Amino acid sequence: MELKDFGKNFVFMPDATKGAVRALTTQQLKDTGTEAIVTNTLHLMINPGKENIEKLGGIKKFMNWDGILLTDSGGFQVFSLIHSKKWKGTVHDNGATFKSPTTGDLYELTPESSIDMQMAIDSDILVTLDDCRDAKLGRSDAEESVKRTIEWAKRCKKYFEDVYGGTKETGKLLSCVVQGANYLDLRKHCAEELSQIGFDGYNFGGFVVTENGELVLEEMRAVIENTPSDKFKYAMGVGKPGDIRIVAGLGYRVFDTVLVTRNARHGTLYSKDMDDEVLRVKNAEYLLDERAIDSTCDCYTCKNFSRAYLHHMFRVNEMTGLTLATIHNLRYYQNLIDKLNKA
RNA sequence: GCAGGAAUGGCGGAGUGGUCAAACGCGGCAGACUGUAAAUCUGUUCCCUUCGGGGUACAUUGGUUCAAAUCCAAUUUCCUGCA
């Protein structure tokens with residue numbers, strides 16, 4: 001896939017947060033049919049750090065990935081690590097300052113430093129820093145989050161253009177994140193303001209499902225309806241196979257979720273042979289089941305190994321099991337995407 | 001043979017008179033996970049149950065006590081010294 005065609009067709013990007021899709025080599029990742037991946041600005045800022053990743057020629061060279069790379073801005077990590085008090089830090093109008101919980105080093109993430117970091121990583125598609133917050137947000141907090149998100153997006157774009165020459169000079173794309181929690185008018189407002197600034201892509205940010213796991217479809221629709229139709233739409237964090245099919249119908253073309261790889265490592269595999277598409281291979285019923293995980297799947301795992309073998313790998317805590325499971329789940333998602341593109 | 005010590009649920013191992021169906025860990029069973037501090041976390045794990053309870057249980061047998069996994073005696077097995 002060419003970068004200019006990104007988001008024209010459906011695309012699923014596995015998360016390689018720290019520079020690897022967990023449990024897979026880059027070759028194994030390619031073999032699943034994956035064309036684009038996501039790495040994380042904040043995590044790579046801490047390790048190996050901006051200067052080091054620059055010296056190493058960027059993460060694509062580092063991990064020998066020749067597909068498309070999107071870098072998440074770190075907005076979500078600021079939320080999940082600082083807002084939730086897992087890390088010490090504060091979020092303010094200029095960004096976030098925080099302390100590494102392992103080394104104690106102090107970091108600052110601002111709209112500008114986020115762009116610098118994403119350039120150092122050598123990302124193809126950058127994401128503006130956003131102010132991501134909890135799902136159930138009070139009105140005033142949501143308003144503040146939207147205000148900051150717009151402000152930071154503006155600063156990101158200006159910095160990207162002033163310092164790096166923008167898309168024209170770099171050939172890279174810049175996407176923004178639409179916030180607004182569950183307030184439809186705020187989603188609309190945020191989408192309109194960001195559209196006014198102008199980006200190559202519009203990402204639905206915040207939480208995509210409620211506590212009950214139901215998609216926030218109205219909010220997602222509000223963003224689609226108020227952003228340019230010729231730019232890509234990325235539903236960040238979506239999602240389960242069924243969720244992707246639904247959200248695809250709304251107009252989103254780009255997806256990512258940690259579920260596919262995390263579930264794989266937890267023994268939750270996807271299979272068309274199951275009514276709910278889910279096969280928990282660790283369960284006792286698969287001890288002697290010699291069928292493939294999915295009878296319709298063309299992945300390396302399904303072509304060569306049985307449910308019983310995967311079951312055994314998990315039972316004896318053998319790392320190869322994580323790899324085989326991840327290969328399968330990723331291939332399952334790529335097949336799902338292929339089907340959407342052919343429909 | 002003598003002297004000490006120990007025997008607890010599938011396993012390891014707490015508990016040393018009542019609050020013990022018994023901590024904790026492992027193993028087993030199931031579930032969760034949606035811009036990854038996640039090869040993680042949660043629930044459950046003697047039997048029966050109308051989920052209120054009920055029944056058996058801490059090597060075995062007997063005893064003391066209102067009450068015993070916990071105290072006493074004998075038996076069995078194991079460990080450590082001395083022969």
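Student: What covers the buried residues of H5?

Tutor: The model discussed here is predicted. The buried residues of H5 are Gly75, Gln77, Val78, Phe79, Ser80, Leu81 and Ile82. What covers them includes E2, H2, strand E3 (68-72), strand E4 (89-92), strand E5 (95-99) and strand E6 (106-109).

Student: How many of the nine residues of H5 are buried?

Tutor: A residue counts as buried when its relative accessible area is under 20%. H5 is largely enclosed by the rest of the structure, because the number of its residues that are buried is seven of nine.

Student: Which residue just after H5 takes a positive phi?

Tutor: Most residues other than glycine have a negative phi. Just after H5, a positive phi of about 65° is taken by Lys85.

Student: Which residues come nearest to RNA strand B?

Tutor: Around RNA strand B there are 44 residues. They divide into 13 nonpolar, 17 polar and 14 charged. Those that come nearest are Cys132, Gly237, Val258, Thr261 and Arg280.

Student: Which helix gives the largest share of the surface near RNA strand B?

Tutor: Helix H5 (75-83), helix H12 (259-265) and helix H15 (319-342) each supply at least two residues of that surface. The largest share is five residues, and it comes from H12.

Student: What part of RNA strand B does the polar side-chain atom of Thr268 lie 2.8 Å from?

Tutor: A polar side-chain atom of Arg265 lies 2.8 Å from a phosphate oxygen of RNA strand B. For Thr268, a polar side-chain atom lies 2.8 Å from a base nitrogen.

Student: Which residues lie nearest the centre of the largest pocket?

Tutor: The largest pocket has a volume of about 1,100 Å³. Strand E2 (36-40), H5 and H12 are the elements that give two or more residues to its lining. Of the 39 lining residues, those nearest the centre are Asp15, Phe76, Gly237, Val258 and Arg262.

Student: How many residues of the lining of the largest pocket are charged?

Tutor: The lining divides into nonpolar, polar and charged residues.

Student: What is omega for the peptide bond from Val238 to Gly239?

Tutor: Gly239 is found in the loop between strand E10 (232-235) and helix H11 (241-250). The peptide bond from Val238 to Gly239 is cis, and its omega is near -15°.

Student: Is Ala181 buried or exposed?

Tutor: Ala181 is found in the loop between strand E8 (173-178) and helix H9 (184-197). Its phi is near 45°, a positive value in a residue other than glycine. Its relative accessible area is 15%, so Ala181 is buried.

Student: What is the relative accessibility of Glu277?

Tutor: Glu277 is found in the loop between strand E12 (268-270) and strand E13 (278-280). Although Glu277 is not a glycine, it has a positive phi of about 70°. Glu277 counts as buried, because its relative accessibility is 16%.

Definitions and conventions:
Residues numbered from 1 in each chain as written. Chains lettered and ligands numbered in written order. Predicted model: local features only at pLDDT ≥ 70, side-chain atom pairs only at ≥ 80, totals over all residues. Heavy atoms only, no water. Near = heavy atom within 4 Å. Polar contact = N/O pair within 3.5 Å; in protein donor to acceptor, adjacent residues only side chain to side chain. Helix = DSSP H or I, 4+ residues; strand = E, 2+ residues; numbered from the N terminus. Nonpolar A, V, L, I, M, F, W, Y, C, P; charged D, E, K, R; others polar. 1 Å grid on protein atoms, 1.4 Å probe; cavity = no way out; pocket = protein on both sides within 12 Å on 5 of 7 lines; lining within 4 Å. Points joined across faces, edges and corners; volume = space filled by probe spheres on them. Buried < 20%, exposed > 50% of the residue type's maximum accessible area, 1.4 Å probe, protein only. Contact = heavy atoms within 4.5 Å.
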